[in-house]
Amino acid sequence: MVSEPHAYDVLRWIPALPLAAALVHGVWLVLVRRAFSRGLVVALSCGSVIAAFALSCLAFVELIQLPESERVLSDALFTWIGSGNFSAEAAFRLDPLSAVMTLVVTGVGSLIHVYSIGYMDEDHREDRGFQRFFCYLNLFTFAMLILVLADNLALLFLGWEGVGLCSYLLIGFWYSDRFYAYCGSKAFIVNRIGDFGFLIGAFLLFWSLADAGRPTVAFHEIREAFPAIADATVRLPDWLAFLPGAPDWKLATVIGLCFLLGAAGKSAQIPLYVWLPDAMAGPTPVSALIHAATMVTAGVYLVCRMGFLFDAAPGAAATVAWVGGVTALFAATIAIVQTDIKKVLAYSTVSQLGYMFLAAGCGAYSAATFHVVTHAFFKALLFLGAGAVILAMHHEQDMTRYGGLRRYIPRVHWVLLAGVVGISAIPYVSAGFFSKDEVLLSAFLADHIPGNRWLHAIGVVTGGLTAFYMFRLFFLTFYGAERASRDALAHAHEPGAVVMAPLYVLAALSVLGGYLGPSEAFVPVDDANSFGNFLAPVFAHGGHAAHHVSHATERWMAAGATGVVAVGILLALWLYVGRPELPARIAASAQGAYRALWNKYWVDEAYDALLVRPLVALSDAVLYRGIDAGLIDGAGVNGPARAVRALAAGGLKHLQSGLAQGYLVIMLVGSALVVGWLVG
Amino acid sequence: MAVPLEHVIALSGLLFAIGAAGALARRNLIVILMSIELMLNAVNLALVGFSRQWGDVAGQIFVLMVIVVAAAEVTVGLGIVIALFRNRETVDVEDASLLRW
Amino acid sequence: MSAAAVFFYAFAALAVAGGLGMVLNVRNTVAGAMSLVLTMVALGGVYVLLEAYLVGVLQILVYAGAIVVLFLFVVMLLNLRGEAFGPERQGFAKVLGVAVVAVLLAEFVWLLPGAFGAPATPPEGFGGYRAVGLALFTDWLLAFEVTSLLLLAAMVGAVVLAKRSIE
Amino acid sequence: MIVEVVVKMLFIVLVMMGLFLPLITWVERKQAAIMQDRIGANRADIAGIRAIGLLHPAADVLKLLTKEDVVPRGANRVLHLLAPVISIVPAIVTLAVIPFGGRYRFGDTTLNLVVADIDWGMLYVLAVGSIATYGAVIAGWASNNNWSLLGSMRASSQMISYEVTMGLSIVGLFMVYGTLRLPEMAAAQDHTFRLLGFLELFGWVERLPGWLDWLRLPAWGIFLQPLGFILFLTCIMAENKRPPFDAPEGESEIIAGYHMEYSGMRFGLFYTAEFLEVPVIGALVATLFFGGWAIPWLSQETLVAGVTPAFGAGFATGLCLLLHVVSFLVKVVALVWLQMLIRWTLPRMRYDQVMDLCWKAILPLSLANVFVTGGLILLVERLR
């Protein structure tokens with residue numbers, strides 16, 4: 001438990017800087033309606049984000065100089081909402097977890113900002129687009145920082161919605177294309193479903209805490225007050241009686257499930273993952289920043305933040321773990337057959353997020369966070385690299401039209417290789433290895449999760465699949481026959497330095513990033529797992545302490561996983577470099593399975609048929625035609641107007657004779673009546 | 001206080017009634033304005049009476065305000081009368097009934 | 001009956017007479033205005049009897065001295081001699097109106113007896129220009145300023161209305 | 001009490017109407033004659049005694065009384081009769097609040113030489129003056145004559161306008177004296193101030209040399225409010241509608257203005273009103289700006305204190321009273337003379353010039369006067 005936090009008013013400037021930049025851009029664009037020069041835009045936006053990164057580093061240094069038990073910086077601005085016993089402060093709080101998230105957001109964020117300069121420079125669809133894009137990016141950075149720095153649930157929700165909004169804006173950035181606009185709306189709406197869960201959970205939590213006499217939304221106070229309601233139960237309605245453990249559930253479980261819904265929405269887990277693949281409609285840097293590195297990890301962050309709650313609610317925790325595991329496998333299988341390079345990356349993101357949920361569900365929050373970080377590295381790299389490829393191929397995203405590009409864009413080829421290696425968890429040379437190892441280990445050890453061994457197996461298999469489809473992507477793009485058209489290849493060129501520089505940095509990170517906190521099992525240094533230890537105070541574990549296995553076992557397990565990975569890689573090599581004609585045949589022979597994968601298990605279609613169409617029909621028929629147009633407009637708005645008009649035209653108008661004295665008579669009659677009422 | 005307040009208020013009411021009747025019955029716009037002045041004066045009288053009754057100056061302040069308002073009203077009202085006369089050659093209030101349905 | 005009371009009733013009679021004269025004098029607007037002056041002056045006297053000295057003087061100064069003169073001025077400007085009005089419209093409304101006024105007055109008088117208690121003894125210098133002025137420029141300053149704005153507006157309005165043509 | 005009031009009334013009215021009024025009609029003639037290098041009225045005689053025309057006033061009265069009293073056709077009789085009365089009454093009642101002497105204590109009785117010593121005397125004067133407008137206005141209307149109508153319209157607008165500025169022009173004086181009560185105003189001027197005292201006040205010199213203490217001025221309104229004096233005199237003369245402000249009756253344009261349809265004593269009343277206004281104005285201006293009854297450089301205390309040892313308090317006070325009344329009358333005479341001078345010197349102003357003078361010159365000046373005076377008062381109080 002942390003003691004009194006140290007006031008540190010640099011924190012407020014970390015989100016304030018991007019906000020300022022965004023405001024300048026926005027106000028200028030809205031009021032003046034002319035664009036800045038691009039140099040000025042770059043200076044403002046990138047400058048602000050890089051400055052924020054520098055400040056975060058400052059804050060981080062400040063933080064680690066404190067003794068381990070009291071590593072919390074706080075910066076209270078003002079009381080945001082104060083009403084009765086409810087008060088939400090606009091206050092920031094930097095503990096190790098949010099420190100890590102902040103560093104990732106600002107660090108990777110600034111790299112992607114720099115990259116965007118080069119990427120968006122090619123975009124001439126709209127003359128103010130460049131500034132608009134950076135305005136949105138800054139706004140997103142601000143919201144994301146609010147999210148991770150928030151001291152309480154309310155403020156976190158502000159950031160939560162903010163990132164959702166920016167994601168919507170950026171997915172639909174090229175809104176002139178109806179499909180892109182549709183994708184944006186889809187993302188937003190699906191997120192709303194999650195937000196609904198989040199809100200219910202938050203309200204339940206606050207409500208129950210208030211009943212327990214501790215009304216608060218601040219995280220540390222919730223955490224202190226939580227034991228008071230840890231064992232409270234709720235009576236489920238009868239129609240839910242079929243659920244396990246019915247009719248009485250622990251309150252914590254219900255809240256946890258609500259939060260899980262929210263997290264699933266934000267982090268694209270089953271059943272709410274469907275928006276993420278479509279989110280690839282946005283510009284590639286957006287996919288890298290929002291839909292790979294930062295925003296989608298908000299769900300994971302929320303689960304970790306609420307770790308104490310999930311510890312107290314094994315049912316919820318198990319659900320989280322299983323959702324994560326299933327999602328990981330499910331998405332990985334889909335990714336195998338996709339041919340759109342960004343779609344592949346999208347599904348791999350979903351699958352990696354599944355890993356994180358898996359770990360979080362198993363109570364290994366530090367492992368989950370660790371994977372968040374490493375994933376931010378290599379997935380950002382992969383997206384940006386893919387972006388570079390797409391630029392080189394003039395916005396052609398279909399991998400079947402690539403092939404043999406390594407001769408044309410060798411540098412991109414090398415950095416992308418680093419990314420692929422990073423995600424494929426190749427021992428010692430990839431960031432993914434150490435984090436994924438911890439994830440799997442946590443699943444293996446989490447005996448309180450029913451079927452945790454199965455989860456472990458799923459993780460291992462998914463690892464293999466991951467390696468397979470990533471290398472498939474790599475080989476399809478850079479090796480094999482040149483399937484692209486002549487002139488496309490003729491114009492294929494390496495991107496400029498401003499694009500490459502971030503790629504190099506990220507490449508280095510995705511290869512070496514794992515050494516932030518490798519397990520002692522692989523790096524014979526005591527206290528090598530500095531990352532976990534650093535995060536430890538945040539996740540003071542309840543009930544089940546993470547009991548360890550011998551390093552030998554750990555090594556054996558890692559070896560097994562690596563073996564599966566190797567199989568995946570070799571398979572990819574054989575299929576897409578050795579015998580390029582095979583995959584088509586396999587697909588032909590396994591029609592059903594192939595089509596199922598190719599069509600993503602028809603999930604979108606199912607949702608469309610089961611939910612969207614009925615809902616749209618209902619809204620159109622009842623809500624719009626019936627209630628809105630009929631009841632509200634007809635009876636509520638136009639009705640009185642018509643009535644008054646009829647009345648006036650019918651007789652009242654004759655009162656307005658234009659003869660002043662007539663009005664005076666009426667006035668006097670009125671006053672006479674009033675005085676008469678006084679008389680008695 | 002020379003007389004009981006009731007008498008003052010009665011006088012005020014009487015004057016008000018006279019003014020109201022004039023404003024109602026007469027058709028000469030100028031006379032109507034004058035009748036309104038009379039009504040205002042009646043109100044002033046009541047205010048002064050109450051101010052004396054409670055020994056509070058506020059009532060007289062109100063009277064000053066009323067006087068100012070009356071002055072403004074007369075200025076504009078007579079301006080309107082002149083404009084009306086200039087355009088319609090009349091000061092009959094019943095001829096000035098353009099603002100109707 | 002004290003001398004003050006005598007004066008009060010005398011003034012009251014004058015005021016009522018003047019008012020009636022103004023309202024009933026259909027033939028001659030100027031005479032009506034003059035009887036209105038009578039009312040104003042009489043009311044000024046009443047105010048003085050009610051120890052509202054400043055108000056009394058201002059009553060005469062502003063109403064009698066300025067406002068009614070303005071009326072007279074306009075009457076002369078338009079040179080209205082007698083009133084040649086067309087046939088009466090809404091005569092019924094007027095009869096009704098006068099009746100209502102009578103009713104109103106009756107109710108009023110009905111309410112009056114014993115409505116008020118004994119008068120307070122006013123403070124020193126009550127109703128003098130010092131007391132009123134102090135109150136006006138301390139407690140009622142805002143109202144005072146606002147009335148100045150009102151006057152300005154009225155001035156502009158009168159000029160615009162009465163001007164033959166706005167250049 | 002009542003007796004005292006009646007006595008004062010009789011005194012002031014008799015002095016003004018019985019003494020000044022006839023004399024002024026005579027002076028008007030004579031001064032005009034002198035200034036125009038003529039002999040002037042000197043024909044009226046009783047048994048050959050002409051008495052340098054001093055009998056003319058009596059002759060005038062006789063003439064006016066015996067003339068035919070004409071009421072034009074179509075005129076409103078009542079108003080036609082009422083108008084002259086309305087116009088003369090204010091002039092007379094104004095006298096009620098003007099002190100023609102100070103307060104004097106004889107033993108246990110004090111004598112206050114003013115008919116009505118009311119706290120809001122100056123307001124009273126203004127109010128009464130505003131009533132005077134109706135005389136002219138009604139006269140013109142009631143005579144059913146377009147020239148008269150024009151005259152009364154001129155009169156009404158002119159008098160209303162100048163009332164405003166008249167009130168404003170003496171606000172500075174009110175601020176200086178801190179009262180509206182005329183006797184207090186007069187008493188406030190019954191002392192002197194060092195001419196160069198402001199040098200000390202503003203700290204420009206440490207201490208004035210002693211002999212400069214003799215360099216004193218009576219604390220009269222004209223020294224404290226010179227601009228106010230000029231403005232006020234102009235306004236009140238315009239109120240009186242005598243030349244150069246007699247556009248309402250400008251015979252060259254609108255034959256005789258509002259009183260052209262009047263004859264006999266009715267005209268006489270207008271005439272009387274005008275002439276009576278002259279000494280009344282004199283008295284008022286004297287009280288406001290020339291110390292009223294005060295004797296310059298010789299204040300009441302000094303006088304009483306000086307005379308008492310020799311002849312006793314009663315005699316001293318009586319002497320004081322006498323001297324004060326005399327000095328008051330002297331001042332009035334001087335001011336009457338001044339008005340005559342102006343009246344016979346300046347030509348008649350055109351109507352638009354009259355209005356311009358009021359609204360474009362006097363109004364701004366008097367406002368400026370108010371602000372400057374207020375600023376000075378604040379400054380002085382700060383420095384004290």
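A: Start with handedness. A crossing is left-handed if the near helix is turned anticlockwise from the far one by less than a right angle, and right-handed if clockwise. Helices (H or I, at least four residues) and strands (E, at least two) are DSSP runs, numbered from the N terminus. H3(D) passes H4(D) in a left-handed crossing. This is a predicted model: local features need pLDDT of at least 70, side-chain atom pairs count only at pLDDT 80 or more, and totals for chains, interfaces and linings use all residues. Residues are numbered from 1 along each chain as written, with chains lettered from A and ligands numbered from 1 in written order.

Q: At what angle do helix H3 and helix H4 of chain D pack?

A: Two packed helices are described by the angle between their axes and the distance between the axes. Axes are lines fitted to C-alpha atoms, for helices over the stretch in contact, and angles run from 0 to 180 degrees between N-to-C directions. Here H3 (residues 77-94) and H4 (residues 121-142) of chain D pack at about 160 degrees, axes 8 Å apart. The pair is therefore roughly antiparallel (angles over 145 degrees).

Q: Which classes of residue make the contact of H3(D) with H4(D)?

A: Ala, Val, Leu, Ile, Met, Phe, Trp, Tyr, Cys and Pro count as nonpolar, Asp, Glu, Lys and Arg as charged, and the others, Gly among them, as polar. This contact has 17 nonpolar, five polar and no charged residues.

Q: How many residues are in the largest nonpolar core?

A: A nonpolar core is a set of buried Ala, Val, Leu, Ile, Met, Phe, Trp, Tyr and Cys residues joined through C-beta atoms within 7 Å. Buried takes 20 or more other C-beta atoms within 10 Å of a residue's own, placed from the backbone. The largest core has 224 residues; A:Ala380 and A:Leu381 have the most contacts inside it. Helix H15 (residues 365-392) of chain A gives the largest share, 19 residues. A second, separate core of 185 residues includes B:Ile61 and D:Ala187.

Q: Is D:Gly101 buried or exposed?

A: D:Gly101 is buried, because 24 other C-beta atoms lie within 10 Å. The residue sits in the loop between H3 and strand S1 (103-106) of chain D. Its C-alpha atom is 5.4 Å from that of D:Val325, 224 residues apart along the chain. Beyond four places in sequence, D:Gly101 touches residues including D:Trp293 and D:Phe328 (contact: C-beta atoms, placed from the backbone, within 7 Å).

Q: How many helices are in chain C?

A: Chain C has six helices and zero strands. Of its 167 residues, 40% count as buried.

Technical notes: Buried ≥ 20, exposed ≤ 12 C-beta atoms within 10 Å, placed from the backbone. Parallel < 35°, antiparallel > 145°, perpendicular 65-115°, else oblique. Contact = placed C-beta atoms within 7 Å.
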